[in-house]
Every structure is written in C-alpha cells, then in structure tokens.
Number of protein chains: 2
Amino acid sequence: MQTDLTLGIDIGGTNIAFGLVNQEGEIVFEGNLSTAEVRNPSLLPELIEEQTQNYTFREIGIGAPSSNTFSGMIENAPNLRWGVNIPIVEYFENYFKVPTKLTNDANAAAVGEKLFGAAKDFSEFVVITLGTGLGAGIFINNEIFNGKFGTAGEFGHVMVDKDGRPCGCGRKGCLETYCSATGMLRSIDLLTSPHKANSPLVELENPNPLDIFNAAQQGDQFAEYIIDFTAEKLGYWLANFACFSNPEAFILFGGIAKNGEYFRQKVDHYTQANLLNLYQGKVQVLSSELHHRNAAILGAAAYAKY
Amino acid sequence: MQTDLTLGIDIGGTNIAFGLVNQEGEIVFEGNLSTAEVRNPSLLPELIEEQTQNYTFREIGIGAPSSNTFSGMIENAPNLRWGVNIPIVEYFENYFKVPTKLTNDANAAAVGEKLFGAAKDFSEFVVITLGTGLGAGIFINNEIFNGKFGTAGEFGHVMVDKDGRPCGCGRKGCLETYCSATGMLRSIDLLTSPHKANSPLVELENPNPLDIFNAAQQGDQFAEYIIDFTAEKLGYWLANFACFSNPEAFILFGGIAKNGEYFRQKVDHYTQANLLNLYQGKVQVLSSELHHRNAAILGAAAYAKY
C-alpha cells in the first residue's frame, strides 16, 4: 500500500475531479462528482471518501475558483452556488485530519508545471491558463506569487482595448474577452472577414474552440483568421507582461493551449516580435507538459506539497 | 563628527548629484558635477572626494540609468557616453573601501520612499517615476523586486496603443511616450483641441512640463486637456498594473508628479474608476514624500542601507 500519496481536488463549475497522486506525479486513482449534486459543500469530504476509502494520503491540495489561499475560503464563486464564504480547508482538515491547502486554478497549474511539468528548471515563470477565462500563475524567485491580498496575477482582466468587448467583470476590453475559450467563440460572431460567409463555423449551433482548430486544419480561412487574431493579441500582451516580472518563460496551459504546437508557435512568434530589446532572447513561450487530461488534479496536489 | 553617514549618488545625463545622508534621511552635505565633464568614469570617486573630504561615510549607494544591480555595472547607457560596460561599483569600492550598491533610479526612489517617504507603512507598493521617461520601482513582500535578470518593472515600455507614438526603444505606443515629461511635450504637438489655437503653449519655443501646468492654472483649456489626457492614460494603466502585483499603493515621483495634488487627484480618480472589483478600495495613489529637491540622492543612499 502506497503511503506517499496526495489527494488533489479540482473544483469547477461543472465537475469536481479528484485523484491520488504519487511522488512522481502519476495519478493512481481518479474520481469525479457533479458540482450541482453537491448541494452542501461541508459534505464534500465524505462524498470523496466514499470513492477513495482504499487509499491513505498525507495531505490535500484543492484548486478552486475565487479561492483565498490565506483564509482557506472559497469566496463568492458565482459558478458554484454554495453561498458567500465556504471554509473548504476547515471542512477537509476536520474530516481527514491532514494538512490541506487551497489555491486558485492558475496557481495550482503553475506549481504543477514546476514540480512535474515544463517549469522544472525555471525560478521565474508565468503559467497562462486558457480556459473559460484567462488566468495567470506567477512564480517569482522560485515561489508562487500571491500578492499581499492573495489576488496577484489577474492578467485576464488587463484591459487591452478601451472600447473593447464587454467583460463579465463589468469593464470593457479585458484580455480574456479575446484570448480564452469564450473569447474565441465571441470572435466567431464579432470578427469580420471575406471568408466568413463560407466558413462552416457560422453554421454551428454550439461551437467550441476545438471546432475552430479543426476547421482551420481543414483549410477554413475564417477559422485560421480567428486563431491568428487570438495568438497575435496574446503574444502582444505576453510581450507586455514581460515588462512586469521579466520571466524566463510563459507556459500555455489548458483548453485552447491543448491545441498544441500550431497555436504555441504563433503565440511565440508574436511575443518575440513585440518584446522590448532588453528582454529579447530571454523569454520563451512553451506549452504545458502536464499532459494528463486532469492536469488540474496534478496542480492541486503539487500545490499541497510545495 | 558624524559617523553614521551614507554617500548617495544620482548619476544623470546632465548632472551627477551627490550628498551625505544621515539616519533620519537628511542631506547634511550636497555636491554636484557636470556629467559631460566626467570624461572617464573611473575618476569619479576622486572627483567626488574633492568635495566630500570633510566627511566619512559607511557605505555608498548609486542610482544610474541602465544599471545592473547584480553585476554592479552601468550597461550601455546612451545618455552617459562612457562606453559599453562601466564597473562603477568596483571603481568606488576600490577607492573608498566601503560597501557600494548600484541600482536604477526607479528602484532607488522606491527604497527612498520606503525608508524616508510615503511608503513607510507598505510592504507592497510601486513607485512610478515620471521624468524624461516612465519607470517603476516595485516592492514585493517588503523587498525591492529586481527580477531574475535585474530588469523587472519596465512599466514605461508597456505598449498601450498598437499604432501609437513611436518610442525610443524602436516600438510603438509605449506608455512613456504619453505619460512622462517628454510625452507631455509631444502632446502639445500631437493632440488636437478647439482650444489649441488660443493656447500660449503652441507659441513657446522650448516648452517644459511646468509651462503646461502653469498655463492650466491660468485657465488655458488646451493645457488642461493635455494634463487630463496624461492623467487619464496613467490612471487607466495604473489600474491595469494593479492586476500584476496588486500593490497597496502607487506613489508618483519626480518631474510631473511634483506638480502636486492637482495631478495626483486626477490620476487617482482615473485609477479608481478603472480598477477591477477585486481591487477596489485596496489601491491608493499617493504623491512622493521625498520633498528634498534631490530626492534621488536620498533614494540612492537609502538603497545602500536597505
């Protein structure tokens, strides 16, 4: 029986994925719950134990939206419908009697890349999560950077166009309204191109970003334009973000980034083309090397250990 | 005789200002050299000693453009004409036999505010220097943040307008082409307004930013427009920069910022109006409290002690 395991939990708006992770970053057991069915989050430890009772683990790491690593609370997460302040760390520590740490998904991803993925050799890097929104997990001096209030690194809400797309935060032109899964889908509606009328994308009722990448691969020029538009904006802004912490690398993680080398190369091209002289040759754009489909579980487990 | 003094040196393109600073942040002696007359920087320690020989000091702090705090070298500073790599720390340590530290002017200003000025109570803040260009000195977790290569915090070169004003760095639309002394002077030429034709500013042969503030005070609406344009852009971008490190405060320092409460209030207004919800009520915009006209000497001295 393995005694060196960590329980990693990834709480999302749709699913709660969890798994037992060993020292090598392998997931030896995986489970899943529907978020909507967990009406009372204080019961979550018990529901997870029902599936993991054959294992023991040393510590627990939880990745969740709107989480405050300092207080151990999930604060006001609109997609979870669990109320205002959920003391999730307390629930787990009381139930399992092992140390439990909470962080947001981008920070979990960053620690995951540091321990098991593309950032093993870096002390200063930024993981950019490209999911429903755009998040950033920043490493400075070999440590995750939380900021004084636990809320540093909201790169998705840097406003890049004063009169740009309305954002869920109430402001306009935030980077994530362009460079994210939802941003790319908005681009299908909002971008214009001579090739748009012939594109299969405009016929789809519920398109997803994968449809855009597939269409591009089949030669659809409107799909290619959307990808190029997204990569150009992202690369331009990664070049700008280098002016903050001058990281050794930006690592693209999740959703869109999974579409691999084609997208990474484009983003890298536009990043390098826009870097300040001072930084040229010093900043790489890489893809995540957490290839498991539940990389977020790995990240959460890694955060518990870091 | 005082034995607790620090020699602070501020190396600029025009002048080299230096002074002996006591523990309370008072400058007890001040001297000055013309940068152009210092043909060989290895002679700088001797030239400074000619003026400071009545004093002893424990350490030396130097603020200079294009300086690398890790190597102790001034690297490739175009305004100094001293060649490529100047081992300025070595020159001073060999001559005076006391510990010597080098940093750029924005970091020196930040440490000055921390020890003697507006940032005494903050552990996370950003000093924005508004001089010929725009610089940033970032404090994270009560320490100056240099980044891995000593080049973090180049906020003046965040590109805020893709097709904006050409910048000395070779790129376009950098923040300092708008929000700096030179940026404001460019605004006299480049902005349009129904009040421009009647403005005294367009008649001046060599205007400086003070002329703009004076004209505004006398009711010139074009001057007011330039100030508002500058403050709005700066406030909008401070709000965006909050997404990096979520500082407790931005502190406006130098040149333009000396024009005081009027400008600070405008910048604060536009910063608060554009902050992400998460940060609202948590970020102040303050003015420098290093009131000495040679605040940069204080900053350099503070850096030596920090």
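Guide: Two strands pair if DSSP finds at least two bridges between them. Helices (H or I, at least four residues) and strands (E, at least two) are DSSP runs, numbered from the N terminus. The model is predicted, so to speak of local features takes pLDDT of at least 70, and side-chain atom pairs count only at pLDDT 80 or more, while totals for chains, interfaces and linings use all residues. Residues are numbered from 1 along each chain as its sequence is written, chains are lettered from A and ligands numbered from 1 in the order in which they are written, and side-chain values use heavy atoms, without hydrogens and water.

Visitor: Which strands stand at the edges of the open sheet of 3 strands in chain B?
Guide: The order in this antiparallel sheet of chain B is E5-E6-E7. An edge strand has a single partner strand, so one side of it is left without a neighbour in the sheet. In chain B that holds for strand E5 (67-68) and strand E7 (85-86).

Visitor: What is the bridge partner of B:Asn68 in E6(B)?
Guide: E5(B) pairs with strand E6 (residues 73-75) of chain B in the antiparallel sense, over 2 bridges. Within E6(B), the partner of B:Asn68 is B:Met73.

Visitor: Which residue of E12(A) stands opposite A:Thr129?
Guide: Chain A has an open sheet of 5 strands with mixed pairing, in the order E11-E10-E9-E12-E13. There, strand E9 (residues 125-130) and strand E12 (residues 249-253) of chain A pair in the parallel sense over 5 bridges. Opposite A:Thr129 stands A:Phe253.

Visitor: What area do domain 1 and domain 2 of chain A bury between them?
Guide: The domain assignment, automatic or from a database, gives domain 1 (6-109 + 294-305) and domain 2 (121-287) of chain A. Their centres, taken over C-alpha atoms, are 27 Å apart, and 8 residues of domain 1 of chain A are in contact (heavy atoms within 4.5 Å) with 13 residues of domain 2 of chain A. Buried area is the accessible area (1.4 Å probe) that two parts lose on being put together, summed over both. Between these domains of chain A, with 61% on carbon and sulfur atoms, it is about 810 Å².

Visitor: Which element gives the largest share of the side of chain A that touches chain B?
Guide: Here 37 residues of chain A are in contact with 36 residues of chain B, and about 3300 Å² is buried between the chains. There are 4 salt bridges (a side-chain nitrogen of Lys or Arg within 4 Å of a carboxyl oxygen of Asp or Glu) between chain A and chain B. Strand E10 (134-140) and H6 of chain A each supply at least two residues of the side of chain A that touches chain B. The largest share, 8 residues, comes from H6(A).

Visitor: Which residue of chain A forms a salt bridge with B:Glu232?
Guide: The structure holds 10 salt bridges over all chains. In the one formed by B:Glu232, the closest N and O atoms are 2.7 Å apart. The partner in chain A is A:Lys162.
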